[in-house]
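Please open the model in your viewer and keep the selection panel at hand.

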Amino acid sequence: MNSSNKIKNIGKRIIKSIPFFSSWLKRDSEKMSFTTVFARFQDILELNNQILDLMATISNKLGGDYIFDRNYIESSSHLMADLIAKLISNFNILTHGKYRQLNDVFRKINREIEKELSGKLVIPETDYVIPYSSLTRDFSEVAGGKNSNIAELKNQLGLTVPHGFAITTRAFQSFLEYNNLTEKVNIILHAWRGGDKTTEKASLEIRELIDKGKIPPDIQKAFNWGLDNLKTYSDDKKIGLAVRSSALGEDSEHSFAGQYESFLNIFPEDLGKNYKAVIASTYSASAMEYRLQKDFSDQEVAMSVACQMMINPVASGVIYTLDPVSPERRVLLITGTWGLGAPLVSGRIDGDSFVVLREPGHKILELEIVRKKETLVPSDKGGCVFQSVPNEKQTQATISETQVKFLAETALAIERYFKKPQDIEWCLDKNNQFYILQARQLNIASKISAVINDISSIVHKYPVIFSKKGAIVQKGIALGKVFVVNNEEDLENFPNEGAILVTHQFSPILARVVKQAHGIITDIGSPTGHMASIAREFSVPSIVNTKIATKLLTNGEEITIDAEENVIYRGRIEELSLYEFSHDNIGEYYEYRLLRRILKRITPLNLVDPKANNFNPEGCETFHDITRFIHEKAVKALREVNFYSQRKSDILARKLDSKVPLELMMIDIGGGLKENAGRKKVTEDEILCLPMIEFLKGVDAPGAWDNEPMSVDFGSFMSSMTRTFSTGAASPRAIGQNLAVMSKEYVNISLRLGYHFSMIVAYISEEINNNYAYFRFNGGVTDPVRRGRRAKFIGRTLEKKGFYVDIRKDLMVARIKKISKESLKEKLYLIGKMVSFTRQLDVKMVDDDQIDLFIKKFEELEKLEELEELKKLEVKNTEQA
């Protein structure tokens, strides 16, 4: 059996396994006991961890430290699909088939992976035309490298680029299909590969076929829409267009420089003709030979086209962010000429040159002004013409010293963003506005490797802030200023130009700024969690679980992350950034490119925020999205199980006999209590449930439980009495009895103390990816304003402790997950203490000042506890001595 058929058979087996469950799903789910429900949940957690571990393992192969072949890619893809199928099956049972749409999403993604494995290029279903305002690097498969990079600079860094749109690879594919060219082109390429046709003959035949083809009506309609949109940016009735190639792989690790056609200053009505000329250049003789040398298969070929509004520049030029010949000099090379830069890039004319230091200040070390006798300018008749340069301007510098420094700063910002040395094209218009026309990787790794010697003697000069703390998620080097993120709102102010992101928890919410982050350091977090996959996807050097990052690193200080050796240095070590640039370019290999394309269906995470509108099955675009969605919803499903309605006569509920009067009934679903625990009452020392033990310790913390009687004004009392509860909250069982359902690692507590309600759900284990805690608090005896103040007090206090908090009126919801067992035990203790401390606190919240006052009181309570612990330790040490 060939590999293609094997892949299809495995895919069919996986897909068929999912509907099997749905047929008996509803019937059997209704019969599930607590124990069965929880067992399904644990299966989901185990599968979730296996999937994330496999994602991490596969993604690490792209780092260049491993050798792998096609068999590895196939077997890993099949294993991943099998795990995802099992995950969906278990989830469907747990949720009574509520999210069966995930089956269709899975099938679609798996079909695309199978297609890639069979050697066919998968082009996503997109529009034929996408404006730059809607493009990012994530669209590289449909818009090509050039389009994606230039749009990213505009949309993420705020740089000025020409207005434009991408004509997508889907349009290229549709053009070939509409004109029945796909099979004809493949026959010619097969003959060329077999040696039956010369490169020149094969190229000519394919280009003639494309030239004779017609633009499909729906593509022409998309062209017209894109052009009408472009015209809104111009005051002139007539606009000129620059039509450039943007093929898959172009302007990435493969430059394809000069291999494809570009056309300047064409009229809008000629877009179709020039579009055909650009896509025909996909099969130019030189491009075909280049792909052959770089081991590109014919199935990897697809052309997107850039359509940009033409700039009539005063001056244009090129920037190299490192000297390609002598990178050890650590300088930028900037060249410039009058008018358009095409003749400078092609080598027809010389330009002014500036050698500029990379260090801040950007001193010009060398300057050469050449005689510039001619310039290329747009013609009123279309196209471009050469003109003579007036004598007085021939020896005049094209840009000033101030402009040189501005270009240097801009170029280095682009380099930091893309994390590789850059080859950048720029121009300057008559209004002194700079435009970035193109940015692509400058491939000089071999040159850098030759000049980097003893790194250890260089870094020895810089003070180490800390080392060997936590775990490396993504290897690499990062330099920059620290930006500390204390809460979700801080992300709004993360610098567009980038920074080192330092935060308490490694959460997927950080994905909002991951593209701008030079590096990431956290106090807690998992190297195999959802955010870890995102960091690897964008190659952001990251170190997690350091325990001390937010304590030792402060906003604005310059640091260097060495995520190769796990060291954080004070100051910028430029030599280390050169070392990072010296890594081999494994993107030259076909297997690398194939794995990268398949991983685009597996690892990207689009479902970042559970509160977002797209957090649903239809929003899942990758296997990672499915995994994230299921993990989030499985936790929610278990949290919302109506244990009261499912109570059976054979379920034993026992009352907790505790120091604090909680009136709590307990149900053990496995391992939560000692075997010899009482049948009617349970003491605290008979509890084995880890989260419950820590919660009860917190409830009984010294000074937390306030027995002082509270006086309540009549208005507040009537407010509490007339308040309407939800059906579930107002049922006699829900109000009249507090309940805890637990195992050794899990607890679900529904608690009513006085007039406020709390829900605590937690899971504590050795596996960091499974660990989470959820705390929901609302209600009270007073008016809504005072209850709201109490909610703010709780939220702000927990936020300082690393919780993600959502407050709506008197409702406070706090979440934390993927932290170590010991850390989560501390959080459960904190929640217990908070439940006790806030029991009647809304009565005291007479004004907004009380919020900060009680935050301080709670912190003082914690300090007293710390002192008590120190005293106990001293006594113990004395006794031992």
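Contact here means heavy atoms within 4.5 Å. The model is a predicted one.

**Helix 22**

Select residues 690–699, which form helix 22. Of its 10 residues, 8 are buried, so the helix is largely enclosed by the rest of the structure. The buried residues are Leu690, Pro691, Met692, Glu694, Phe695, Leu696, Gly698 and Val699. Next, display the elements that cover them, which include strand 22 (653–657), strand 23 (664–668) and strand 25 (738–742). The cover also includes strand 26 (746–753), strand 27 (756–763) and helix 27 (821–837).

**Helix 26**

Move on to residues 784–800, helix 26. At the N-terminal end, select aspartate 783, which caps helix 26 through a side-chain oxygen 3.0 Å from the backbone nitrogen of valine 785. Within the helix, colour the buried residues: Arg786, Arg787, Gly788, Arg789, Arg790, Ala791, Phe793, Ile794, Gly795, Thr797 and Leu798. Just after helix 26, stop at glycine 802, where phi is positive, at about 95°.

**Cysteines**

Finally, select cysteine 307 and cysteine 427. Cysteine 307 has a relative accessible area of 0% and is therefore buried, the cut-off being under 20%. Cysteine 427 also counts as buried, at 1% relative accessibility. How many disulfides does the model contain? With a cut-off of 2.5 Å between cysteine sulfur atoms, the count comes to 0.

Definitions and conventions. Residues numbered from 1 in each chain as written. Predicted model: local features only at pLDDT ≥ 70, side-chain atom pairs only at ≥ 80, totals over all residues. Heavy atoms only, no water. Buried < 20%, exposed > 50% of the residue type's maximum accessible area, 1.4 Å probe, protein only. Helix = DSSP H or I, 4+ residues; strand = E, 2+ residues; numbered from the N terminus. Expected span 1.5 Å × (residues − 1). Polar contact = N/O pair within 3.5 Å; in protein donor to acceptor, adjacent residues only side chain to side chain.
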